[in-house]
Amino acid sequence: MSLGDILETEIQGEVARIRAEGQARAEQIVAQAQERARTLIDSRQRALQADYAAGLTRARSAADLDANAQRLSAGDTLQVQAFQAAEQTLHEVTTVPEYTQILVRLIDEGLQALPNAEVVEAASAEHGAVHQALAQLGRTLQVRANEQVKTGVRLVGPGGKTSVQNTLLGRLQAGRADLSAQVSRLLAES
């Protein structure tokens with residue numbers, strides 16, 4: 001074998017070795033790049049899943065808040081309607097014959113608080129029932145019109161310095177906080 005053949009064989013061997021090393025290095029670089037890409041993709045997927053879960057939680061919370069707000073609003077509306085209906089019923093009570101008995105009790109309670117009352121104030125439409133109630137109580141007091149006093153009476157003491165108001169609407173307003181709690185509980189149960 002000649003020197004040229006030996007050199008060519010060595011060169012070809014060296015080229016083959018360099019190619020093999022280059023190929024191995026290229027495969028290693030590709031494998032590392034693929035691993036980095038998989039890691040990056042996995043990381044992005046986990047981040048997206050976490051964002052999705054957080055977004056879903058926020059959406060559920062917002063939906064729950066909205067549902068609760070609507071429930072509260074509906075409850076408030078129903079509560080307002082319930083009190084309006086109660087007030088309407090109390091206004092209607094003044095037209096029934098039994099209203100005289102209610103006034104007897106309201107006037108009697110007022111007289112217990114203000115025994116020296118001289119005047120009974122009531123809405124003009126209720127004067128007939130007020131006179132009947134006073135007759136049943138055996139009391140003679142001046143009856144005076146006061147259109148601000150509906151569904152009951154206002155007793156006025158000597159000289160107008162003291163007074164006691166006792167009306168059905170006033171009692172409804174005084175008990176509104178307790179009644180509101182009961183109405184809310186009833187609405188929640190239905």
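Asn146 sits in the loop between β2 (142–145) and β3, where strands are DSSP runs of E with at least two residues and helices are runs of H or I with at least four, numbered from the N terminus. The model is predicted, so that local features need pLDDT of at least 70 and side-chain atom pairs pLDDT 80 or more, while totals for chains, interfaces and linings use all residues. Residues are numbered from 1 along each chain as its sequence is written, and side-chain values use heavy atoms, with hydrogens and water left out.

Asn146 counts as buried because its relative accessibility is 18%, the limit for buried being under 20% relative accessible area with a 1.4 Å probe and protein chains only. Leaving aside neighbours within four places in sequence, Asn146 is in contact with Glu121, Ala122, Ala123 and Arg154 (heavy atoms within 4.5 Å). A polar atom of the Asn146 side chain also lies 2.9 Å from the backbone nitrogen of Gln148.

Leu155 has Val164 in β4 as its bridge partner. The two strands, β3 and β4, form a hairpin with six residues between them, and Gly159 in the turn has a positive phi of about 75°.

Elsewhere, α2 (99–113) and α3 (127–137) each supply at least two lining residues of the second largest pocket. By class, this lining has six nonpolar, five polar and two charged residues (nonpolar: Ala, Val, Leu, Ile, Met, Phe, Trp, Tyr, Cys and Pro; charged: Asp, Glu, Lys and Arg; polar: the others, Gly among them).

Technical notes. Pairing = 2+ DSSP bridges. Buried < 20%, exposed > 50% of the residue type's maximum accessible area, 1.4 Å probe, protein only. Polar contact = N/O pair within 3.5 Å; in protein donor to acceptor, adjacent residues only side chain to side chain.
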